[in-house]
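Please read them with the coordinates open.

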Amino acid sequence: MNNRVHQGHFARKRFGQNFLHDDYIIESIVAAIQPKKDQALVEIGPGLAALTVPISKYVDHLTVIEIDRDLAGRLIENPILRNKLTVLKQDALTFDFNQLAVQLRKPLRVFGNLPYNISTPLMFHLFEHANIISDMHFMLQKEVVTRLVAAPNSKNYGRLSVMAQYYCQIIPVLEVPPTSFKPAPKVDSAVVKLIPYKEKPYLVKDIKILSRLTTEAFNQRRKTIRNSLSNMFTIEQLTELNIDPNLRAENLSVQQYCQLANAWK
């Protein structure tokens, strides 16, 4: 039997498809999301509707974004879902979530079993829409969840950690073994909840500067910031900001990165 075929659908590698089939994990995710009728729920990559069907039992309407046209067609024809579902055959990486929030007239609750090959860029895309999102629940590679919640002075702390923690409160929900999927991925997975801050702990005047700063620092994470950030700050400027030039990228807190971003001219 081909282990890439599940419920008659061949899992496409280019879309990073691994279909969740573990009832206990599915029930745990639905319980964590706590869907309610008056909410604007949006699922990214519903696939074979493992989460879509149980979530739909609690709501009158659900919007799903599916790039695979074969799966989108199955969702449209699903007798359980057809009267509750709006299926958008689009790429979530380029999707305008602001426009959807305007159409639905509510902040969005976004969830999904994200393809691991696009999970990080997709989260960065969603962070840009954080002001119209009330929360997000995602199945991710466990390593990515570890990076999301990582604290300074650890090897897992990186650009994703800083940017995610700038935008959101991050809460790990549960770990998921490879056996919960068909085909089984080669890595462990985990579910995480991200709640965008209504009032951010640290304000940044220009988010593009914070993005550039973290990119330059962590692209050369083994160097001290006196070297990795030399084209943005002099040693004297870092010292004036009470930031040790001999620190490495992983040693700076989110607050310190925000401080640097606001000081750059």
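1. Is R105 buried or exposed? In this predicted model, R105 has a relative accessible area of 77% and is therefore exposed, the threshold for that class being over 50%. The residue sits in the loop between α4 (97-104) and β7 (108-113), and its phi is near 60°, a positive value in a residue other than glycine. Most residues other than glycine have a negative phi, which is a reason to look at the backbone here.

2. N153, which is not a glycine, has a positive phi of about 70°, and its place is in the loop between α6 and α7. With a relative accessibility of 55%, N153 counts as exposed.

3. The sheet can be taken next. Seven strands form an open sheet in the order β6-β5-β4-β7-β8-β11-β9, and the pairing within this sheet is mixed. Because β6 (85-88) and β9 (168-176) each have a single partner strand, they stand at the edges, and one side of each is left without a neighbour in the sheet. On average, and with direction ignored, neighbouring strands of this sheet are turned by 20° against each other.

4. Around β5 (62-65) the pairing can be followed strand by strand. Strand β4 (residues 40-44) pairs with β5 in the parallel sense over 3 bridges, and V42 stands opposite T63 in β5.

5. The C-alpha atoms of I67 and A130 are 22 Å apart, and the two residues are separated by 63 residues along the chain.

6. Elsewhere in the sheet, β8 and strand β11 (residues 189-196) pair in the antiparallel sense over 6 bridges, and L140 stands opposite A190 in β11. Helix α6 (residues 142-149) packs on the sheet, where it touches β8, β9 and β11, and its direction makes about 135° with that of β8. Helix α7 (residues 159-167) lies across β9 and β11 and runs at about 115° to β9.

7. Q141 is found in strand β8 (residues 133-141). Why does Q141 count as buried? Its relative accessibility is 18%, and buried means under 20%, so Q141 falls in that class. Not counting residues up to four places away in sequence, Q141 touches Y116, V187, D188, S189 and A190.

8. Helix α5 (residues 119-127) is largely enclosed by the rest of the structure, because 8 of its 9 residues are buried. Among the buried residues of α5 are L122, M123, F124, L126 and F127, and the polar side chains of S119 and T120 belong to residues on that list as well.

9. The chain is divided into domain 1 (5-196) and domain 2 (207-263), whose C-alpha centres lie 32 Å apart. The contact takes 12 residues from domain 1 and 15 residues from domain 2. Between them the domains bury about 1100 Å², with 62% of this area on carbon and sulfur atoms. Within domain 1, the residues that lose the most area to domain 2 are Y157, R159 and V162, which together account for 45% of what that side buries.

10. The side chains of T214 and R159 are joined by a polar contact of 3.2 Å. Leaving aside its neighbours within four places in sequence, T214 is in contact with R159, V162, M163 and Y257.

How values were computed: Residues numbered from 1 in each chain as written. Predicted model: local features only at pLDDT ≥ 70, side-chain atom pairs only at ≥ 80, totals over all residues. Heavy atoms only, no water. Helix = DSSP H or I, 4+ residues; strand = E, 2+ residues; numbered from the N terminus. Buried < 20%, exposed > 50% of the residue type's maximum accessible area, 1.4 Å probe, protein only. Contact = heavy atoms within 4.5 Å. Polar contact = N/O pair within 3.5 Å; in protein donor to acceptor, adjacent residues only side chain to side chain. Pairing = 2+ DSSP bridges. Axes fitted to C-alpha atoms, helices over the stretch in contact; angles between N-to-C directions. Domains from an automatic or database assignment. Buried area = accessible area lost by both parts, 1.4 Å probe.
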